[in-house]
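This report goes through selected residues and contacts, one topic at a time. It is meant to be read beside the sequence and the structure.

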4 protein chains.
Amino acid sequence: MTLIVLNFKTYRESTGSEALRLAEICEDISRDYSVQIVVVPQVADIQTISKAVKIPVYAQHVDGVGYGGFTGHVTAASLKAAGAVGSLINHSERRLKLADIEASISACSLVGLKTIVCTNNVATTRASAALEPDYVAVEPPELIGSGIPVSKANPLVISQSVDAVKRIAPKVGVLCGAGITHGEDLRSALQLGSVGVLLASGIIKAKDQRKALEDLVTGARK
Amino acid sequence: MTLIVLNFKTYRESTGSEALRLAEICEDISRDYSVQIVVVPQVADIQTISKAVKIPVYAQHVDGVGYGGFTGHVTAASLKAAGAVGSLINHSERRLKLADIEASISACSLVGLKTIVCTNNVATTRASAALEPDYVAVEPPELIGSGIPVSKANPLVISQSVDAVKRIAPKVGVLCGAGITHGEDLRSALQLGSVGVLLASGIIKAKDQRKALEDLVTGARK
Amino acid sequence: MTLIVLNFKTYRESTGSEALRLAEICEDISRDYSVQIVVVPQVADIQTISKAVKIPVYAQHVDGVGYGGFTGHVTAASLKAAGAVGSLINHSERRLKLADIEASISACSLVGLKTIVCTNNVATTRASAALEPDYVAVEPPELIGSGIPVSKANPLVISQSVDAVKRIAPKVGVLCGAGITHGEDLRSALQLGSVGVLLASGIIKAKDQRKALEDLVTGARK
Amino acid sequence: MTLIVLNFKTYRESTGSEALRLAEICEDISRDYSVQIVVVPQVADIQTISKAVKIPVYAQHVDGVGYGGFTGHVTAASLKAAGAVGSLINHSERRLKLADIEASISACSLVGLKTIVCTNNVATTRASAALEPDYVAVEPPELIGSGIPVSKANPLVISQSVDAVKRIAPKVGVLCGAGITHGEDLRSALQLGSVGVLLASGIIKAKDQRKALEDLVTGARK
């Protein structure tokens, strides 16, 4: 089943009460169109949202530390307690050390959170797949927030990532992202072998978020 | 009025439902003994706690970024929306770049969050005071979690910090921390010129957290 | 005496044998025009340059660590042994944690290296001055490499930095930088109260580096 | 041919003139016993050492940036110009972000420097091998500087790393390190499938560095 992961980032239109409102829109679309939408709000918004909606709530970042003296870190245990069921790791706006990516994946496994490791090219996709998260999401940084879809600007990075992951860790799903906005972007992403997309500004900054999401979902089916 | 800041860190005894329980104990003690206790839970726990208790809730860390493409960052706006009224900045377990400390203080000012910048010695206390947060909290790193109170092991670092801040930015309050557990630790900290203490394991890892807090508060009055 | 600090960064025109050639030009100009020029090459180039020229050689960065297990760090002791007499600290392209800035200054003091702490605005200039390095160099990041001189685009950041440092740590010299290229830029920087400038691309990327440096030096005297 | 990589770290006994002296000892042993010894001094010491000895000189760290505005970074081009022929990357005392490890390997390839990526366990060894450096060096952090050889304390981490790398990137050589001091440590490391060792304090802090190196080399042959 196609996976649509909506990263709320720290936009005004997806913070606090706006985050809750947007998550509810995502839940509506998910139900009405039978698609799997994952919402990824800021940590401070996870509790309220996870109580309000039934679709999966992921964190944007998780640190690879456990219980103890780790002031200011985001632990897997605290995310789980707040109702999250997974987390992005190593997003281009929050890159991590290799050892910390591995530690974050382990910390999530321990409490049963799903993991999506973000990568910037085929080489780092290979490396991340070797760590066996649930998903890797390849996003060429130069296309993030650009409005130019990766599936059109750089289809090779998707198909080569899909091939590489198949060889190294076939259970790991490949997502792609950067510039994804419309249904046709999602459709080509799937045709290139990915199992879903990671997207943000294309939906969140849209004048009508609900309509933008509907267009994405219905456009992909044409 | 003396300020007692209880940093929940990421201990098991102060995560999720345990965090809520501990915050309620703090509220009881605060009311029963007329002391000001600030609770500092993990970000994911802030919403629930700030709804449940009336005492101030601070975050353990805040990033100096605003609305926008800052995936995985903790924004002042999201903390405010979740009910926090302040934040630690630059805790020894989450040190920040100088430019980011300044940006975090600015971001907090903008939305009306109080700020406590943590420092490791007199020199960094001077530097942090020059940035004019609400408080600086000096904590010699070698004493954190040691059980040896800074007020006994290194009283000079407190009195010199108090003097230095008075000269550079007299409106900034000086807190101290590291190894603070008992009432006498708090009392000597106040005698050395600080306006309060930052503490964590001494209370959180205590067999009886309520009793430990009571001892701290009543012991300081003897 | 006016201080001209030429940051070689990692430009092709100032790496390896090109770095040596440029340092020799700086030495010529320094002697011919009786100005104090400090060259700031990459660490790997310091040994050769410090043997070849008599003008001061500074490093671009130094870590606040001493002898021991600090693989991959740049120690003050190693810089000193290689012939450097000072170091930039916290350049906008290599920002440091507050505690590390303080540790770097201490490490340099211990072996007798001069220190220039770079800052991005008046607030961080105040904070850095409180750490008492030899110099602070304020450089608004948005003007670095822009060709628009800070002394024209934002004269207030210089004069306010000068005032603030005078109050907090009067022995600390104030430099400024960002977009400085021509003699008039240097002249206005001095008129605003700074004791010198930090510059890079304006000279290093010039078609004729020697002529660019001569223009800077002679233009400032008109 | 067995590879012995001696990391000079920032010890007093391997900085400046002491670094040169130690490199010359390594050259003697390398010639007298026909073993391949790579010396890894601090960046500031590379020029002098690479001119003085014929054995390979590696850097302890390299940044994945090219020519340009990267003040305070260590570029592959500058290392090459100084006479280095390779570099450690991601040492446990200088961990890097995944994207930066990949960029560092690329930057080294571009100028023809060899690369050794350090890792902390089998999972990160797999990930690093997927980036195809020349070598990966697995070093359990808890054993570094401990005097307890990894080949005795955790032989599985070596043999499993060797197996994993064979499957993912068979051209990548596997080194191991942490606690390696004596000939028998080296011998068991080779028996477990590694092609060499990374070592530091065991030799550098020895009362007689030459004798310690001889013991390592001759002891491994027994």
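R21(A) is partly exposed, because its relative accessibility is 32%. The classes are these: buried means under 20% relative accessible area, exposed over 50%, and partly exposed in between, with a 1.4 Å probe and protein chains only. The model is predicted, and local features need pLDDT of at least 70, side-chain atom pairs count only at pLDDT 80 or more, while totals for chains, interfaces and linings use all residues. Residues are numbered from 1 along each chain as its sequence is written, chains are lettered from A and ligands numbered from 1 in the order in which they are written, and side-chain values use heavy atoms, with hydrogens and water left out.

R21(A) forms a salt bridge with E18(A), and the closest N and O atoms are 3.1 Å apart. A salt bridge here is a side-chain nitrogen of Lys or Arg within 4 Å of a carboxyl oxygen of Asp or Glu. The two residues are three apart in helix α1 (residues 17–33) of chain A, so about one helical turn separates R21(A) and E18(A). Helices (H or I, at least four residues) and strands (E, at least two) are DSSP runs, numbered from the N terminus. E18(A) has a relative accessible area of 31% and is therefore partly exposed.

## Other salt bridges

In chain C, R21(C) and E18(C) also meet through their side chains in a salt bridge, at 3.1 Å from N to O. R21(C) and E18(C) are three residues apart in helix α1 of chain C, which means that they are separated by about one helical turn. R21(C) is partly exposed, with a relative accessible area of 29%, and E18(C) is partly exposed at 31%.

Another salt bridge in chain C joins the side chains of E93(C) and K9(C), at 2.9 Å from N to O. This pair links distant parts of the chain, 84 residues apart: E93(C) is in the loop between β4 (86–89) and α4 (98–111) of chain C, and K9(C) is in the loop between β1 (3–7) and α1 (17–33) of chain C. K9(C) counts as buried, because its relative accessibility is 5%.

In chain A, a network of salt bridges links D28(A), R31(A), D32(A) and R210(A). Over all chains, the count comes to 32 salt bridges.

## A patch of positive charge

Which residues gather in a patch of positive charge on the surface? They are K97(A), K97(B), K97(C) and K97(D). Patches are made of residues with over 30% relative accessible area and no salt bridge; like charges are joined within 9 Å, and nonpolar side chains (Val, Leu, Ile, Met, Phe, Trp, Tyr) within 5 Å.

K97(B) is located in the loop between β4 (86–89) and α4 (98–111) of chain B. With a relative accessibility of 36%, K97(B) counts as partly exposed.

## Helix α7 of chain B

Helix α7 (residues 155–168) of chain B has 14 residues, which should span 20 Å at 1.5 Å a residue; its end C-alpha atoms are 20 Å apart, in agreement. The expected span is 1.5 Å times one less than the number of residues. Buried residues of α7(B) include V157(B), I158(B), S161(B) and V162(B). A164(B), V165(B) and I168(B) are also among the buried residues of α7(B).

## Residues far apart in sequence

I89(A) belongs to strand β4 (residues 86–89) of chain A and is buried, with a relative accessible area of 0%. The C-alpha atoms of I89(A) and D63(A) are 8.5 Å apart, although 26 residues separate the two along the chain.

T125(D) is part of helix α5 (residues 122–129) of chain D. T125(D) counts as buried, at 0% relative accessibility. From C-alpha to C-alpha, T125(D) and V165(D) are 7.4 Å apart in space, and they are 40 residues apart in sequence.

K54(B) sits in the loop between α2 (46–52) and β3 (58–59) of chain B. Is K54(B) buried or exposed? K54(B) is exposed, because its relative accessible area is 80%. Its C-alpha atom is separated by 9.2 Å from that of E24(B), 30 residues apart along the chain.

## Positive phi values

Most residues other than glycine have a negative phi. E132(A), a residue other than glycine, has a positive phi, near 55°. E132(A) lies in the loop between α5 (122–129) and β6 (135–138) of chain A.

K9(D) has a positive phi near 45° and is likewise a residue other than glycine. K9(D) is in the loop between β1 (3–7) and α1 (17–33) of chain D, and at 4% relative accessibility it counts as buried.

Methods
Accessible areas come from the Shrake-Rupley method with a 1.4 Å probe; for residues, only the protein chains shown count as cover. Lys and Arg count as positive and Asp and Glu as negative; His and the chain ends are not counted. The place of a charge is taken as NZ of Lys, CZ of Arg, CG of Asp or CD of Glu.
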